[in-house]
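Biologist: Please show me the model, and then I will ask about its contacts.

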Amino acid sequence: MDSERFIEIRDFEAMKVAGEKTTNVDLSVVIPTFNESYGISRILRALHSSLEELQINFEIILVDDDSPDSTWKIAADLIEEIPELTVIRRLASKGLATAVICGWHYSNGRLLGVMDGDGQHPVEVIKDLFNTFSEDRNEVAIASRYLPHGGIKKWSLSRRLLSRGAQTLGQLLLPGAIGTINDPMSGFFIVKRSIITETELDPVGYKILLEILARSQTNKIQEVPYVFLERSSGKSKVALSHYISYLRHLLRLRIQPLRSRALVRYLLVTAGALTLDAVIFFWLFDVNNWNLTRSAALAGEGGILFTILLHDLWTFAGRPVRTLTDRIRRLVGVHIALGALMFLRLLAINAFVNWFSLDPLLAFLLTLTVVMPGGHLLGSRFSWRNIRV
Ligand code: GDD
Ligand code: MN
């Protein structure tokens, strides 16, 4: 193949995206592929017509890691039919995230997009993503499964749970604007080139969006809903190891640029509050024979007060000096956030005991270990949300 738009790369792994080009390309969409021969022609054609409807200058760059099923060849055969298509065949590198950075590095667009090559990302959503940039201030547009009108067509329960868990954890752990995104795991988005050029990107596993958001520190983000479709054929390459590397990535992003001392204290206070909660409960219920609901309610309150006291005096000591009104507001806020949790716990304990005849101590422990840690972390994160942990 001797087209300029078919590029073979031997051992070059771009970790940076080249700066603004002098061409007038508005949008470059990169499609990373590995063994997607079955549906790739259809997807390229469909994406091409969707982009044409926008009436802009665009390009499509497919980056294939030398797929044994010759996806790269099938795509390259379309180069004549689709004049905006470039195909990159990477001979010595593997990995979704580095493939995307590689494609962007070779691209010309002012806006850089990425979309899967297996038919799971509905092509027409690319237009919604692009159109968010008509608002000048926007810097990132994310296609999100977790917005009204968004969703997932067909996923196993375990994959759904894993994905949701990863999302919740991201929202809990990530600082600032990133923590508010509904779908931080999305692999379908567009970003303004200027916010990532000359930035060293080091994404772990699949999570390139996270890396971009963290490194660029942007908060000019818009999400548009989409439904994650079924694969046209083949299998997802997501493995459990991707979730583990996601966790590592979250922790790295979280701990590196921020004061990790506060994070450790924050977690310790939560653990302390739950321990105190348990001790008070056993003392009231088991030793003093108080009734179940009252013991659990008082124990929960002990945990809440402990959390407030320690976060204010220790975890976040010295940060924004607070007036008495601030402190009172905090007291009420935490009670609303954690109080709702307490109430749910009381309901759950009583339901376990009355309907399932569970031992009261067991019911208490169950709610303490299963529901409370997450709830507590979220509740206090919410109440102290204006302070960076
Ligand atoms: N070049 C290259 N190299 N491409 C790869 C590689 C690789 O090592 N691994 C996967 N791909 C390509 C696939 O061929 C597909 O086009 C795309 O990357 C997504 O891979 P899948 O294996 O289909 O991922 P998924 O469907 O489980 O998850 C996708 O969607 C999620 C929701 O948006 C990914 O995009 C996730 O990052 C995303 O969270
Ligand atoms: Mn897929």
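Predicted model: local features only at pLDDT ≥ 70, side-chain atom pairs only at ≥ 80, totals over all residues.

Biologist: How many salt bridges does a search of the whole structure find?

Modeller: Side chains of opposite charge can pair when their charged atoms come close. The criterion is a side-chain nitrogen of Lys or Arg within 4 Å of a carboxyl oxygen of Asp or Glu. By that criterion, the number found in the whole structure is nine.

Biologist: How many residues apart in sequence are the parts that E8 and R89 tie together?

Modeller: The side chains of E8 and R89 form a salt bridge, with N to O at 2.7 Å. E8 is in strand β1 (residues 6-9) and R89 in strand β4 (residues 85-90), so the parts they tie together are separated in sequence by 81 residues. Strands here are DSSP runs of E of at least two residues, and helices are runs of H or I of at least four, numbered from the N terminus. The separation asked for is thus given as 81 residues.

Biologist: Is R89 buried or exposed?

Modeller: Buried means under 20% relative accessible area, exposed over 50%, and partly exposed in between, with a 1.4 Å probe and protein chains only. E8, at 41%, is partly exposed, and D66, at 25%, is partly exposed too. R89 has 15% relative accessibility and therefore counts as buried.

Biologist: Which residues are linked with R89 in a network of salt bridges?

Modeller: D66 forms a salt bridge with R89, with the closest N and O atoms 2.9 Å apart. D66 is in the loop between β3 (58-64) and α2 (71-76), and R89 is in strand β4, so this pair joins parts 23 residues apart in sequence. The residues linked with R89 in the network are E8 and D66.

Biologist: Which residues coordinate the manganese ion (ligand 2)?

Modeller: Donors are N, O and S atoms within 2.8 Å of the metal (3.2 Å for Na, K and Ca); water is not among the atoms, so sites may look incomplete. At 1.9 to 2.0 Å, the coordinating residues are D118 (OD) and Q120 (OE1).

Biologist: Is the pair of F281 and F364 stacked or edge-to-face?

Modeller: Rings of Phe, Tyr and Trp (its six-membered ring) pair if their centres lie within 6.5 Å; planes under 30 degrees apart count as stacked, over 60 as edge-to-face and the rest as tilted. The structure holds nine aromatic pairs. The rings of F281 and F364 have centres 3.7 Å apart and planes at 0°, so this pair is stacked.

How values were computed. Residues numbered from 1 in each chain as written. Chains lettered and ligands numbered in written order. Heavy atoms only, no water.
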